[in-house]
Amino acid sequence: MRPWVRSRRLPPRPPRRRGWFARQSEGVRITIIGAVIAGVLSLGGAVLTAALTDRGDDPSDAKPSAQSSVRPTPAPTTASEPPSQASSDGPSPTPRESGESGDPSADADSDSAAPANESYEVFYDKQIMSLGLPPGSDLGSIDFDAPGTHRYTADEWKALEEKAAESGTPVEADLTYRHYFNGFLTLQNGRNAAQLQPTDPSEKAGDCAGAARVGGFTEVKMHEWGLPAKTVLCVVTDKGNIARVVITGFIGGDSGEIGEPPTQIGLRVTLWKPRG
């Protein structure tokens, strides 16, 4: 007979605790698994791209990361450097031709101003001349281009003017002096001249040319003695030459009497011709 053996019962095992992932619903677990897989793939792609970049390769099918599309902000230009000079890589501005200007008003005055690149040569320098006032209806004339003076009768002068009108060319004389009472000193058509004060000392051809093209002088009544000695006349002749005419003095006449203009006007003339 088998001895009685008292049976020994083991204590019950505590229930197994489920982890956080296991406690989630099936939809949440699927979402988490997908996110993990996407993260692994993204990390693998980044490692592959870095490896290829280190070798100097540039795979055409590799897509740039989001950070590669952000351009760095350029450093601001310092205040001492003008914007037009901030970069030396761009093409330098083409210099404008001599005598041009960006100002439209300067272009409008280009006909009355001497061209900046125009140069002259002396044809004669400080030539002494004299322009006389003939009696009656005759007139005296002076041609600075020749140079020379001439006396015409009223009929001869009228014929010259008619011929000039028909041909469309001006008469040869630059200045005429006529009418014994008034003493008209007249600039003829086809010329331009300016009267300068004795305080304008410039003797340069370009300065005289610029003043003459601006103009202003056409005629003066010498019986009023309004053209004092040392006055300068700058004249553009019909040939395009530049004459600087200085009044040196007068002979005859009476400045204290009306209708007594000088019978001779002394002149000292320099003539320049444009080069070329």
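Modeller: Start with burial: a residue is buried under 20% relative accessible area, exposed over 50%, and partly exposed in between, with a 1.4 Å probe and protein chains only. The model is predicted, so local features need pLDDT of at least 70 and side-chain atom pairs count only at pLDDT 80 or more, while totals for chains, interfaces and linings use all residues. Residues are numbered from 1 along each chain as its sequence is written, and side-chain values use heavy atoms, with hydrogens and water left out.

Biologist: Why is Ser141 called buried?

Modeller: Its relative accessibility is 3%, and the limit for buried is under 20%. Ser141 sits in strand β2, residues 139-143; strands (E, at least two residues) and helices (H or I, at least four) are DSSP runs numbered from the N terminus. Beyond its neighbours within four places in sequence, Ser141 has contacts that include Leu131, His150, Tyr152 and Leu175, where contact means heavy atoms within 4.5 Å.

Biologist: What makes Lys239 and Glu172 a salt bridge?

Modeller: The term asks for a side-chain nitrogen of Lys or Arg within 4 Å of a carboxyl oxygen of Asp or Glu. Here the N to O distance is 3.3 Å, so the pair qualifies. Lys239 lies in the loop between β8 (232-236) and β9, and Glu172 in the loop between α4 (154-167) and β4 (175-178), so the bridge ties together parts 67 residues apart in sequence. Lys239 is partly exposed at 47%, and Glu172 is partly exposed at 46%.

Biologist: Which other salt bridges belong with Lys239 and Glu172 in a network?

Modeller: The network links Glu172, Asp174, Arg191, Asp238 and Lys239. Lys239 also meets Asp238 at 3.1 Å, N to O, and Asp238 is partly exposed at 22%. Arg191 and Asp174 meet at 2.7 Å, N to O. That pair joins the loop between β5 (184-187) and β6 (192-196) to the loop between α4 and β4, 17 residues apart. The structure holds 6 salt bridges.

Biologist: Are Arg191 and Asp174 buried or exposed?

Modeller: Arg191 counts as buried at 9%, and Asp174 is buried at 0%.

Biologist: Why is the pair of Tyr152 and Trp157 called tilted?

Modeller: Rings of Phe, Tyr and Trp (its six-membered ring) pair if their centres lie within 6.5 Å; planes under 30 degrees apart are stacked, over 60 edge-to-face, and the rest tilted. The centres of Tyr152 and Trp157 are 5.5 Å apart and their planes are at 55 degrees, so the pair is tilted. Both Tyr152 and Trp157 are buried.

Biologist: What makes Trp225 and Phe250 edge-to-face?

Modeller: Their planes are at 75 degrees, with 5.4 Å centre to centre. Trp225 is in the loop between β7 (219-221) and β8, and Phe250 in strand β9, 25 residues apart. Trp225 is partly exposed at 23%, as is Phe250 at 27%.
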